[in-house]
Amino acid sequence: MSPDSHMPHDLSHPHRLLPRVALSGFVALGLLTALAGCGDEESQSVSFAPSCPLTHIPPEAADYYQYEGKTFTFPHLVTRASILKLQGDCLAAGRKDLQTRIALRFVVSRGMAAHDGTVTLPWFIAVVHGDKIVNKHVFHHTFQFPANLSSYTTDTHVVTVDLPIPPKNTESDYRFEVGFQLTKDQLDYNETHLKKVDYQAY
């Protein structure tokens, strides 16, 4: 993904790793953009639900178009996907760490140029501290598109991010940028055809 004036200046580096990122098989919880604080008290060393970092989906990274070759026309469309929901929660991981769990829900359409049912959607989480991106990781959500459907809804695995900040019930200067990991051509296409996004935010 190339840098853009609407996005943090260093969002293009795909190999920056998040602190202690792990994939898990939890069922995705709740729909949020400011993620809800939750978690049972047995897993917490504090008695309140910690405040979660704000999470932002840049509009130009909310849609994914894959075309066959360099022809961006309907007959050459392989896959089109949009972010429908951002889901997650936060809980205390001791007194010095905040654990955030994030998952995305996509709606995916198969284009006329699709050759098989295997779809891989790259997406990223960038950790922003103030105005600086301190870490980033790119994930790949792969699934088999049902043969009898032209549109399909699918959820990613839950990604767990531990931030080295006390899980106090106060606002943090950390935030997350989340979206599809795009090539320069895909980003340029989205910016040219920018529309009202499909994802829900409350």
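Why is strand S7 described as largely enclosed by the rest of the structure? Good morning, colleagues; I shall answer that directly. In S7, 9 of the 12 residues are buried, so the strand is largely enclosed by the rest of the structure. Buried here means under 20% relative accessible area, exposed means over 50%, and partly exposed lies in between, with a 1.4 Å probe and protein chains only. Strands are DSSP runs of E with at least two residues, numbered from the N terminus.

Some remarks on the source are in order. This is a predicted model, in which local features need pLDDT of at least 70 and side-chain atom pairs count only at pLDDT 80 or more, while totals for chains, interfaces and linings use all residues. Residues are numbered from 1 along each chain as its sequence is written, and side-chain values use heavy atoms, with hydrogens and water left out.

Let us stay with S7 and consider its partners. Two strands pair if DSSP finds at least two bridges between them. S7, residues 118-129, is joined to strand S8, residues 132-144, by 12 bridges in the antiparallel sense. Within that pairing, Leu121 stands opposite His141. The two strands form a hairpin with 2 residues between them, and Gly130 in the turn has a positive phi of about 70 degrees. S7 also runs antiparallel to strand S11, residues 174-180, with 7 bridges between them. There, Trp123 faces Phe180.

I turn now to strand S6, which covers residues 98-110 and has 10 of its 13 residues buried. S6 pairs with strand S5, residues 77-92, in the antiparallel sense over 13 bridges, and Lys85 has Arg105 of S6 as its bridge partner. The hairpin of S5 and S6 has 5 residues between the strands, and Gly94 there takes a positive phi near 85 degrees. S6 is joined by 5 antiparallel bridges to strand S10, residues 158-163, where Leu98 is partnered by Leu163.

Next, the rings. Rings of Phe, Tyr and Trp (its six-membered ring) pair if their centres lie within 6.5 Å; planes under 30 degrees apart are stacked, over 60 edge-to-face, and the rest tilted. The structure holds 11 aromatic pairs. The rings of Tyr67 and Phe72 have centres 5.2 Å apart and planes at 50 degrees, so this pair is tilted. Tyr67 counts as buried because its relative accessibility is 15%, whereas Phe72, at 39%, counts as partly exposed. Phe143 and Phe145 form another tilted pair, with 6.3 Å from centre to centre and 35 degrees between the planes; both residues are buried. Ring pairs also link Tyr65, Tyr67, Phe72 and Tyr189 into a cluster.

A pocket, on a 1 Å grid over the protein atoms alone, is an open set of points where a 1.4 Å probe fits, with protein on both sides within 12 Å along at least five of seven lines; lining residues have an atom within 4 Å of a point. Among the lining residues are Gln66, Arg110, His115, Asp116 and Phe145. Both S5 and S7 supply at least two residues of this lining. Thank you for your attention.

Note on methods. Helices (H or I, at least four residues) and strands (E, at least two) are DSSP runs, numbered from the N terminus.
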